[in-house]
Amino acid sequence: MSDFLKVSRDGDVAIVIIDNPPVNALSFHVREPLMQALVELRDDPSVAAIVIACADRTFVAGADITEFGKPVQQPELRAIVATLEIIAKPTIAAIHGTALGGGLELALGCHFRVTDAGAKLGLPEVKLGLLPGGGGTVRLPRLVGAVKALKMIVSGAPIGAEEAHATGLVDAVFEGDLTTHVVNFAREIARKGGPFTPVRDRDEGLKATDLAAFDTEAADLAKKARGLEAPIACAQAVRNAVTLHFDEALAAERALFVKLVASDQSRAQRHLFFAEREAAKIPGKDFIKRRIARVGVIGAGTMGGGIAMAFANGGYPVTLLETSQEALLRGLATIDKNYAVSVTRGSLTEDAKRQRLARFTGSTDYADLADCDLIVEAVFEDMTVKKEVFGRLEAAAKPGAILATNTSYLDINEISASTSRPQDVLGLHFFSPANVMKLLEIVRAEKTAPDALAAVVDLARRIGKVAVVVGVCHGFVGNRMLAARGAESEALLLEGATPRQVDQAFTDFGWPMGPFQMGDLAGLDIGWRNRKARGQTAVIADTLCEQGRFGQKTGRGYYLYEAGARTAVPDPEVEALIRDKAAEKGIAPRAVGAEEIIERTLYPLVNEGARILEEGIAARASDIDVVWVNGYGFPVGKGGPMFWAGLEGAAKIIERLEYWHQRTGRQVFKPAPLLKRMAETGSWEAGE
Ligand code: T1G
C-alpha cells in the first residue's frame, strides 16, 4: 500500500496497519492510502472482516496537528469515517497505547472497538482550543451517553480500557497479544453475521438524555472556561447530538471546528503543544544521559516535602534528609497528611498511598545519601547555608551523582564554584506546591556537564513535569519577569488603582487570579524576605508585612480572609494605607483603567522576556511561554507572554512602552532591542 500503511491478511480477515511514527497521526500521507485500502477491502469478496490497527507504541493519537492552519488535503478524516461506517462487513478497531482525537473518531467509525488492558481513549481537542472535528461530538454520546461524553470532551481527559468497556465505548478488553485476539474476535463476529449497526444509528441511549441535568452539567463546566471558546463549543456540539438529527449535528460540529481552528486561542494552544515538546530538547549533539535510579532530598519543609513527593509519585525511591529526627518526623507527617487528603478527595487510592510512602527513607545522616544518583537541596534560601550544605554534599555524594539546588533566586554559579565538582551542579527550581505544579526550571550553571543536564530533563518528563532549561541570572526566567510585573503592580496602587481593580483586569484577561490575590495565596513574607536580602523595597507590600499581613496564612494581606476561607474580601484599611503612602510620596490618586493596568504590567513582562532572550538565559521565546503558562498561570488561550506579544502587536507594545518610559523614566519600560527587531520581523527568531 504505502510506507505509512500496510494491509495484511489472516485468512478472510484483513488487517489495515497504520505505521506513521512517532504517534501514528492521521497525516495526509496516511489518510490517502487508508481511504484507498478501505474501499478495496470493502469491495473484496474474499474479505469477511476488516481490522484497523497501528504499528509501534500507540494507536492513532489524532489528526496531524502540524497540518492545521494549512490548506486541507482530501480525503479528510470525516470522509474516511463516513465511508468506513457504512461498510456492510464488520469493521473493528484494535486499540493499544492511546486512541486520541481523530484516532478515537476513526475507531468510532468502526462497528466494534477492542483494546489491550493498558489502552487509553479520549478526545483532547479542547486542549488545543478545538473540538473533535471528525464526528466525535456526535458519535461518542451515542455510545457512552450525553453527560459522560460532555465530561470527556470538555475536559479532554482520556479514560482507561476498563472504564471504556464499562461505559460501552469498547466491546472487549484483551490481555496478551492484541492482534491474535482481534482476528479471532473479527472472525467470530463475521461468522455470526450482521447486520452490523454503525454508531451513527445507535441513538436509543440519547433519547433518554435528561436535558435539564445535561444543561446543569454544561453550565458548571462553562464556569471554568475563563474566556476560552473551545469548552463552550464542545458543550454546544454534544448538546446538538442530543437535540438534532445526526447529519445536522455533524454539520454543526463542522462549522464550530472551522471557526475554532482559525482562532487565535487555538493557534496559541497549538503553539504551546509544540513549545512544551521543544523545551525538552537541549540544542547540540545527543548525550548519554547519566542514570538516575535513586533520589535524595535535603530539607523536609514545604518545598523539600513537595519535591520528595514529586519523585515518589514518579516511582523513584527517595531518601529524605533533615537536620534532626524531630524535623524529619514533622516532614514525613506532612507528606502522609498530604497523601491522606488526596485519598479523601478520591484522586488517590489507599493502596497507591501506601506504595508511595513505601518509597521514602528518612535520615539525619548525610552518609545515607551515598547511593543517590541525584540529590536536591531545599534548605533555607541563604547563600551561607547553601554553601555549607553543598560542602557536606560533595563529601557524601558518590562520583557522578548530580547535585541540585532548589534556590529560587541565588547565584548557582557561586554555589557550584564552592564545590570541587561544578560539572555535577545545576538548579532544579520547583514551584510550590512542588508535587502539584507542573513547571520545572532546570538551571544550567556555567560548568554543568551536558550529560547531567540531559539526565534531569529526561527525569522531569518521567515525573510528569514540564521542563525548561534556563541560564543563571537573578530569578532565572519566571521570577525575573515577575519582578518587572510586580514593581508596576505596586506603582498602580499608589497612583489610584485598588488591589481589586488590578486583580479584576487580570482575571478578565484570563488569569486564574491577579497579582495581589496570588501574593496573598503564596505568602507576602516570601517576597519581603527576598527584597530585604537584596536591599530592595516595596512601600505598600513591606508595610503590610511589617503589620503581620502575610496573606491567607495570617487571614489578611491585600485582602481580608475569613478564618480558613479563601475568598478575598477588599479591606478598607489597606486602601487607606495605600492612600497614606501615596500622599507621603506626593502622588495624587487618579482613575486607572483596565487597559492601562494590562499595558503597565504585561508589556514590561514581554520586554523583560526579550532581554532574557538577548542574554541567552532562555534558548527560545517559546520556552518563556512554557514557563509562564505552567508556572505562573498565564492564560493558555493567549499562548504565553511572547506569543501574546505577536497577537497584541509588537509595534503597539513598543509605542506604549516608550510612552510610559517617557512618563515614568523607569527602565522596565525601555524597549529591548530584540523587541524592536520582533516588531520589524514579526518573530523572535531574529535574536535567537
Ligand atoms: N500531530 C502531530 N504531531 C504529534 C501529534 C499529533 N497529533 N501528537 C504527537 N506529535 C508529535 C510531538 O510533537 C512529538 O514530536 C512526537 O510526536 C512525540 O510526542 C479531527 C482535531 C500521544 C500522548 O491532542 O498528547 O485529532 O517533539 O513527545 O509524551 O478531531 O503526543 O518528537 O518532534 O508528546 O509519548 C488530538 C496529542 C489532535 C494528542 C504521546 N490529539 N499528542 O505522548 O510523546 S487534534 C492530541 C499527545 C484532532 C480531530 C482533531 C502525546 C501522546 P517531536 P510526545 P509522548
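## Exercises on strand pairing and helix packing

Strand E1 (residues 5-10) and strand E2 pair in the antiparallel sense over six bridges. The model examined in these exercises is a predicted one.

**Exercise 1.** Describe the surroundings of strand E2 (residues 13-18), and determine whether E2 is largely enclosed or left open.

*Solution.* Begin with the partner E1: the two strands are antiparallel and joined by six bridges. Within this pairing, Arg 9 stands opposite Ala 14 of E2. The hairpin of E1 and E2 has two residues between the strands, and Gly 11 there takes a positive phi near 65°.

Next, consider strand E3 (residues 49-54), which runs parallel to E2 and is joined to E2 by six bridges. Here Ile 17 stands opposite Ala 53 of E3.

Five of the six residues of E2 are buried, so the strand is largely enclosed by the rest of the structure.

**Exercise 2.** State the strand order of the open sheet that contains E5, E7 and E8, and identify which strands stand at the edges.

*Solution.* The three strands follow the order E5-E7-E8, with mixed pairing. Strand E5 (98-100) and strand E8 (159-160) each have a single partner strand, so one side of each is left without a neighbour in the sheet. As for the pairing of E5 with strand E7 (residues 120-122), three bridges connect them in the parallel sense.

**Exercise 3.** Helix H10 (residues 229-243) packs against helix H4 (residues 136-144) and against helix H5 (residues 146-155). Classify each packing by its angle and describe the residues in contact.

*Solution.* The approach rests on a general point: two packed helices are described by the angle between their axes and the distance between the axes.

For H4 and H10, the angle is about 60° and the axes lie 8 Å apart. The two helices are therefore oblique to each other, and their crossing is right-handed. H4 contributes Thr 137, Val 138, Pro 141 and Arg 142 to the contact, while H10 contributes Ala 237, Val 238 and Ala 241. By class, these are five nonpolar residues, one polar and one charged.

For H5 and H10, the angle is about 155° and the axes are 9 Å apart. Because angles over 145 degrees count as roughly antiparallel, H5 is roughly antiparallel to H10. This crossing, too, is right-handed. The contact comprises Ala 146, Ala 149, Leu 150, Ile 153 and Val 154 of H5, together with Pro 231, Cys 234, Ala 235, Val 238 and Val 242 of H10. The contact of H5 with H10 consists of ten nonpolar residues, with no polar and no charged ones.

**Exercise 4.** Determine how helix H20 (residues 499-509) and helix H25 (residues 594-614) are oriented.

*Solution.* The axes are 9 Å apart and meet at an angle of about 80°. H20 and H25 are therefore roughly perpendicular to each other. On H20 the contact involves Gln 501, Val 502, Ala 505, Phe 506 and Phe 509; on H25, Ala 594, Ile 597, Ile 598, Thr 601 and Leu 602. These divide into eight nonpolar and two polar residues, with none charged.

**Exercise 5.** Decide whether Arg 480 is buried or exposed, and list its contacts beyond its sequence neighbours.

*Solution.* Arg 480 belongs to helix H19 (residues 478-494). Its relative accessibility is 13%; because the cut-off for buried is under 20%, Arg 480 counts as buried. Leaving aside neighbours within four places in sequence, Arg 480 is in contact with Cys 473, His 474, Gly 475, Glu 608, Arg 611, Ile 612, Glu 615 and Ile 617.

How values were computed: Residues numbered from 1 in each chain as written. Predicted model: local features only at pLDDT ≥ 70, side-chain atom pairs only at ≥ 80, totals over all residues. Heavy atoms only, no water. Pairing = 2+ DSSP bridges. Helix = DSSP H or I, 4+ residues; strand = E, 2+ residues; numbered from the N terminus. Axes fitted to C-alpha atoms, helices over the stretch in contact; angles between N-to-C directions. Parallel < 35°, antiparallel > 145°, perpendicular 65-115°, else oblique. Left-handed = near helix turned anticlockwise from the far one by under 90°. Contact = heavy atoms within 4.5 Å. Nonpolar A, V, L, I, M, F, W, Y, C, P; charged D, E, K, R; others polar. Buried < 20%, exposed > 50% of the residue type's maximum accessible area, 1.4 Å probe, protein only.
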